[in-house]
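Work through the exercises below with the model open. Each task is followed by a stepwise solution.

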Amino acid sequence: MKHIVASDFDGTLCQSYPNGYRINEKTLEAIKEFRSKGNLFGIVTGRSYIWAYPVFKEQNSFEFDYIISDNGAQCFDRDGNTVFSNKIKAYRGFAKDYVNTVLEFSDEVEESGICFEKDRFNFENNNPCGNGGYYSNYSVLNELYEKDEFVMVNAVCKNDEAAVKLKQKIVSEFGEYLDPAQNGRCLDITAKGISKASGISQYARIMNVPHDNIYSAGDNYNDLPMIKAFHGCAVKGAVDELKNEAEFVLDDVGSLINIILQKEKNND
C-alpha cells in the first residue's frame, strides 16, 4: 500500500544554510527513491498558486506529485491541473469589505491579497485599488466587487502582534465565512473548516490512501493541524509548539522519508 508524504516548503523542505535556502542532497535522493516505489510526495503550503506551482516546477530540482496550496484550499497535480479547489462562498461586495477592514490596519499591514484558483489580486496600504505590480486578470479593486467566490485572502503584517490583532478583527467581521491561520506575522485565511490537514485528507481520499499511511512535516504554526492529524514530523528549527505535538522531531524531510522506506522494507 502506497504512502503519502506532505511537506511544508519554506523552512521545512527548503531550509536555511550558510549560503541561503536550499534542499539538501540527502532529502532530494530520499524523495526520488520514495516516488520510485509508487509513493506520493507533495508540498502543502500557505502560498497561493502563482507563488507555488511556477516556483516549484521551474526553479527547484525536487520531484513532486502534487501541490496543496492556499493553506489547504486547493490541490494541483505535477502538471498544474486542478485536483480540487475549495472556495470561500461569500457575498457580493465581500472583496470591498475585506479590503476596507485590512486598510484600517494600514500602519501595521505591509500587503494583502485576494486569491482565486490561479490568480491573485494584491493591494498595499499605498496602493489600495491596484495590483502593485503583481500579475492578475484584475487591474483594479472595482473589478472584484461582483465576485462572490474566492480561494483565500491573506495579509503580511509588520510583526506577530499586529497579525494577532488583525486575525481577531477578521474573525469578528467575517467569522461566518473565514478561518484565519496565523503563521508568525502572516495570515492565511481560507473558508471555514479548511486547513492544511483538510487538504491532505481530501487528496488522500482521491488517491485512496489510508489515514495511517499519511505523514506530514512542518516547522511553523500553520502546520499544527496536519502535524496533529497524521504521522507528524517537526524539523529542526521548528517552533516548540510543533515539536511538542509531533510524532517525530528530525533534522529534515529526508530523514522522515528514510524512516518510511525502512518501514516498507521491513514489511516486504
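**Exercise 1. The setting of a strand**

Task: Decide how far strand β16 (residues 231-235) is enclosed by the rest of the structure.

Solution. The model is predicted. Start with burial: five of the five residues of β16 are buried, so the strand is largely enclosed by the rest of the structure. Next, sort the side chains by direction. His231, Cys233 and Val235 point one way from β16. Gly232 and Ala234 point the other way. Both sets are buried.

**Exercise 2. The neighbours of β16**

Task: Find which strands pair with β16, and in what sense.

Solution. Take strand β15 (residues 214-218) to begin with. β15 and β16 pair in the parallel sense over four bridges. Within this pairing, Ala217 has Cys233 in β16 as its bridge partner. Now take strand β17 (residues 248-250). β16 and β17 also pair in the parallel sense, over three bridges. Here Ala234 stands opposite Val249 in β17.

Task: State the handedness of the β-α-β units that contain β16.

Solution. Trace the chain through each helix. β15, helix α6 (residues 224-229) and β16 make a right-handed β-α-β unit. β16, helix α7 (residues 240-245) and β17 make another right-handed unit of this kind.

**Exercise 3. The cysteines**

Solution. A disulfide is a covalent bond between the sulfur atoms of two cysteines. The cut-off for the sulfur pair is 2.5 Å. The structure as a whole holds zero disulfides. Finish with accessibility. Cys75 has 0% relative accessibility, so Cys75 counts as buried. Cys233 also has 0%, so Cys233 counts as buried.

**Exercise 4. The partners of Asp65**

Task: Identify which arginines form salt bridges with Asp65, and locate each pair in the chain.

Solution. Side chains of opposite charge can pair when their charged atoms come close. The structure has 16 salt bridges. One of them joins the side chains of Asp65 and Arg35, at 2.9 Å from N to O. This pair links distant parts of the chain: Asp65 lies in the loop between α2 (53-58) and β5 (66-69), and Arg35 lies in helix α1 (residues 25-36), 30 residues apart. Asp65 and Arg35 are both buried.

The side chains of Asp65 and Arg78 also meet in a salt bridge, at 3.0 Å from N to O. Arg78 sits in the loop between β6 (74-77) and β7 (82-85), 13 residues from Asp65. Asp65 counts as buried because its relative accessibility is 12%. Arg78 is partly exposed, with a relative accessible area of 40%.

Note on methods
Residues numbered from 1 in each chain as written. Predicted model: local features only at pLDDT ≥ 70, side-chain atom pairs only at ≥ 80, totals over all residues. Heavy atoms only, no water. Buried < 20%, exposed > 50% of the residue type's maximum accessible area, 1.4 Å probe, protein only. Helix = DSSP H or I, 4+ residues; strand = E, 2+ residues; numbered from the N terminus. Pairing = 2+ DSSP bridges. Right-handed = clockwise from strand over helix to strand, strands pointing away. Salt bridge = Lys/Arg side-chain N within 4 Å of Asp/Glu carboxyl O.
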